[in-house]
Amino acid sequence: MSTADATPTLPPATVRTVYGACPHDCPDTCALQITVQDGVAIKVQGRSEHASTHGALCTKVSRYTERTYHPERLLHPMKRVSAKHEAPRFVRVSWDEALQDIAARLKDIAARAPEAILPYHYAGTMGLIQGGSIANRFFHTLGASILDETICASAGAEALNATYGSRVGMHLRHFAQSRLILIWGSNSIASNLHFWTYANQAKRAGARLICIDPRRTETAEKCHQHLALLPGTDGALALGLMHQLITHDWLDHAYIEAHVDDWPLLRERALQWPPERTAEVCGLTPEEVRQLAHDYAHSAPAAIRLNYGMQRVRGGGNAVRLIALLPCLIGAWKHPAGGLLLSASGWAAPFKNSQALNRPELLRGRQPRLINMSAVGDALLHSGGGSFGPRIEAVVVYNSNPVAVAPDSSRVVAGFQRSDLFTVVLEHFMTDTADCADYVLPATTQLEHLDVHTSYGHTDLLRNNPAIAPLGEAKPNTQIFRELARAMGLDDPLLQESDEALAAQAFTAEVDQAALREQGFWSIPLPDAPFAQGGFPTANGKVQCLSPQWGLPDHVPNYESARSSPELAQRYPLAMISPPARNFLNSSFVNVKSLRDIEAEPRLEMHEQDAAARGLADGSMVRIFNERGSLVCRLALNARARPGVVNGLGIWWHKLSPGGRNVNAVTHQGLTDIAAGATFYDCLVQVEAAPT
Ligand SMILES: Nc1nc2c(c(=O)[nH]1)N[C@H]1C(S)=C(S)[C@@H](COP(=O)(O)OP(=O)(O)OC[C@H]3O[C@@H](n4cnc5c(=O)[nH]c(N)nc54)[C@H](O)[C@@H]3O)O[C@H]1N2
Ligand SMILES: Nc1nc2c(c(=O)[nH]1)N[C@H]1C(S)=C(S)[C@@H](COP(=O)(O)OP(=O)(O)OC[C@H]3O[C@@H](n4cnc5c(=O)[nH]c(N)nc54)[C@H](O)[C@@H]3O)O[C@H]1N2
Ligand SMILES: [Mo]
């Protein structure tokens with residue numbers, strides 16, 4: 001017998017390719033291609049056939065298998081056995097035991113005071129099925145409180161609705177033909193990489209790129225110019241630009257006349273913002289303001305890529321309204337490559353069947369109270385009564401990690417540690433929030449479940465097919481809520497619909513379902529220059545300067561800044577912003593070793609001048625503090641920080657941070673001017689050497 005004959009022949013490996021969609025909260029919503037060998041996902045790649053993905057993924061999602069097969073993945077239901085204020089200890093229980101116990105607890109509360117149950121969720125997955133559907137139907141059936149989803153984009157989104165009538169904007173691909181791009185409040189290279197590809201094409205074709213951001217980001221470095229304004233002064237800058245457009249007569253009078261309502265009112269206000277005043281408020285030079293206005297008016301087609309970073313301050317909504325008017329004043333919308341993009345989600349809205357998925361009729365005429373997710377600390381600590389209604393007795397968290405990401409952590413942690421609060425968390429990992437749970441239920445990842453997606457950065461709809469079987473005993477969110485409904489004796493068939501049945505209902509009849517299934521994506525038909533002849537989705541087709549609800553837009557100063565709260569600034573003189581670290585996605589991926597190794601540890605970026613004034617050395621450990629709390633991290637003295645502003649990159653898990661606290665230890669629960677959003681970047685702090 002030869003040696004070759006002795007070698008047992010292994011069956012040939014089966015290798016399949018499955019089409020998916022990236023589930024993360026990111027404007028790019030990439031089309032994925034997952035290679036599966038013998039039932040194991042071995043590679044996650046971007047699809048080259050999908051235009052904006054163009055075969056490339058960010059570092060995070062290209063490591064998706066590392067996250068899915070992470071040794072710390074939650075694979076079984078877990079029940080808490082320690083007190084809430086003690087170190088978390090959990091034991092493994094069966095699904096049956098967990099569901100029976102949870103059902104009994106929720107049933108009791110629902111019978112007395114359904115609004116005492118609070119679902120807490122956000123965009124851990126952006127999928128329409130795993131992000132809503134059965135979960136919404138379940139909580140509607142109970143009559144639970146409704147979560148007001150304000151933590152990210154409500155101010156900007158509502159500002160666009162008030163101005164353009166919906167969240168609509170430029171086509172992503174047209175940025176490649178722009179002559180000038182203002183990248184405004186966006187670190188595109190970190191958080192909107194596939195937009196950057198188009199911006200880079202424009203740059204190579206000779207376009208000028210200007211970044212407007214307090215931080216000298218990866219993106220700012222690669223632009224021709226960087227304007228490091230003070231946080232929360234974007235509305236003032238927009239008014240200052242309008243002043244220049246008016247006084248130099250760089251306006252497109254015909255476009256304004258035909259397509260803009262109430263401009264004369266706003267014109268009067270803008271005339272009060274000469275370059276000197278604007279520059280002083282924004283922390284820029286008058287020359288920078290003049291030059292920006294000149295460039296904007298003389299580089300057709302001029303485009304603005306606005307992102308949500310700039311609306312995380314008190315005046316975020318007003319600022320977005322003002323900036324959104326700029327392209328109308330110079331007639332930039334006449335060109336496909338001119339205009340503005342903040343969110344494209346409004347283009348997809350008419351193709352979504354939200355009613356069918358979420359079944360508001362299950363409320364049966366009840367109108368449960370709204371609980372603002374950006375002030376969840378206060379809500380959990382409220383003793384109940386008055387206009388607030390019943391005290392919150394149970395929280396069911398899915399697709400979110402509020403203990404790490406919600407502002408004012410001390411209050412949030414205190415709320416979640418209430419001994420009388422019953423908390424259920426559906427998760428992939430033992431996050432800071434899962435640590436506070438009574439039950440942790442293992443959820444599937446995007447590789448393990450079915451979903452469909454829209455995007456807020458492009459205008460394609462995508463389908464995500466399950467590539468592998470669920471790991472351990474993990475179940476899709478939908479399945480968990482179906483089983484919980486059964487355990488509670490809720491017998492409406494709408495609570496038992498399958499994921500396939502939900503996918504079939506997710507979109508309207510105009511959507512080519514076959515293309516979605518076979519190709520994995522389908523593009524919404526859109527005109528090239530959608531507002532060249534006006535036709536904005538407002539009631540009369542015109543852009544609105546004036547809003548019946550919010551009046552005329554103005555610069556609204558921060559809650560906390562040297563100018564608006566000088567007394568507070570005496571004690572806490574530094575403005576802190578906490579934008580995303582490039583290799584994390586909010587608090588997701590912080591526990592993925594290869595990505596955490598790149599980010600290394602929580603850092604605070606500070607300008608040399610501010611460090612010298614405090615005797616702080618580069619690389620030393622510092623304590624960041626204010627009245628709300630404190631955190632410890634390593635100081636990085638570099639040119640990314642401007643004087644007076646420090647950058648604490650987010651969002652680390654509390655328990656993976658040196659002092660057990662992340663940046664949200666110092667942020668507050670103040671809300672935006674429009675739509676009650678979170679104001680993470682409106683925050684004063686002091687910094688000192690960390691006690692050794
Ligand atoms: N890698 C990565 N990508 C992400 C995310 C992530 O955590 N990591 N988060 C995702 C999410 S949830 C969202 S909402 C999107 C968009 O997320 P955004 O929050 O818009 O994030 P960025 O694009 O990084 O833009 C924030 C930028 O705004 C700047 N900024 C802060 N304050 C101000 C201000 O007052 N004025 C101006 N002009 N700029 C300011 C910050 O310095 C930062 O560079 O990105 C998504 N993409
Ligand atoms: N200081 C500061 N705080 C911020 C921000 C900031 O810039 N600075 N950014 C804010 C912004 S823009 C946002 S959008 C929020 C984001 O806050 P969150 O929406 O809470 O986002 P993540 O921190 O990514 O947490 C999502 C969680 O959902 C889980 N998850 C993912 N998919 C699934 C699933 O299919 N099923 C279940 N059950 N769970 C799943 C993940 O494991 C993860 O733990 O944070 C906000 N907080
Ligand atoms: Mo966000």
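Residues are classed here as nonpolar (Ala, Val, Leu, Ile, Met, Phe, Trp, Tyr, Cys and Pro), charged (Asp, Glu, Lys and Arg) or polar (the others, Gly among them). The structure is a predicted model, in which local features need pLDDT of at least 70 and side-chain atom pairs count only at pLDDT 80 or more, while totals for chains, interfaces and linings use all residues. Residues are numbered from 1 along each chain as its sequence is written, chains are lettered from A and ligands numbered from 1 in the order in which they are written, and side-chain values use heavy atoms, with hydrogens and water left out.

The shell around ligand 2 divides into 12 nonpolar, 15 polar and four charged residues. In total, 31 residues surround this ligand, a residue being near a molecule if one of its heavy atoms lies within 4 Å of it. The closest are Ser400, Glu427, Ser587, Ser588 and Tyr681. Because domain 1 (78-152 + 349-523) and domain 3 (566-689) both give residues to this shell, ligand 2 lies between them; the domain bounds come from an automatic or database domain assignment.

Several pairs of N or O atoms within 3.5 Å link protein and ligand. A polar side-chain atom of arginine 67 lies 2.8 Å from an oxygen atom of ligand 2. A nitrogen atom of ligand 2 is 2.9 Å from a polar backbone atom of leucine 426, and a nitrogen atom of the ligand is 2.9 Å from a side-chain N or O atom of serine 578. The protein covers 96% of the 920 Å² of accessible area that ligand 2 has on its own, as given by the Shrake-Rupley method with a 1.4 Å probe.

Ligand 1 lies between domain 2 (155-342) and domain 3 (566-689), since both give residues to its shell. Of the 34 residues around ligand 1, Ser191, Asp213, Asp234, Arg312 and Phe584 come nearest. By class, this shell has 18 nonpolar, nine polar and seven charged residues. A backbone N or O atom of asparagine 586 lies 2.7 Å from an oxygen atom of ligand 1, and a polar side-chain atom of lysine 60 is 3.1 Å from a nitrogen atom of the ligand.

The model also contains a closed barrel of six strands, β22-β26-β23-β25-β24-β27, with mixed pairing. Strands are DSSP runs (E, at least two residues) numbered from the N terminus, and two strands pair if DSSP finds at least two bridges between them. Strand β22 (residues 574-577) and strand β27 (residues 684-689) run antiparallel and are joined by two bridges; leucine 574 has valine 685 in β27 as its bridge partner.

Conventions. Polar contact = N/O pair within 3.5 Å; in protein donor to acceptor, adjacent residues only side chain to side chain. Helix = DSSP H or I, 4+ residues; strand = E, 2+ residues; numbered from the N terminus.
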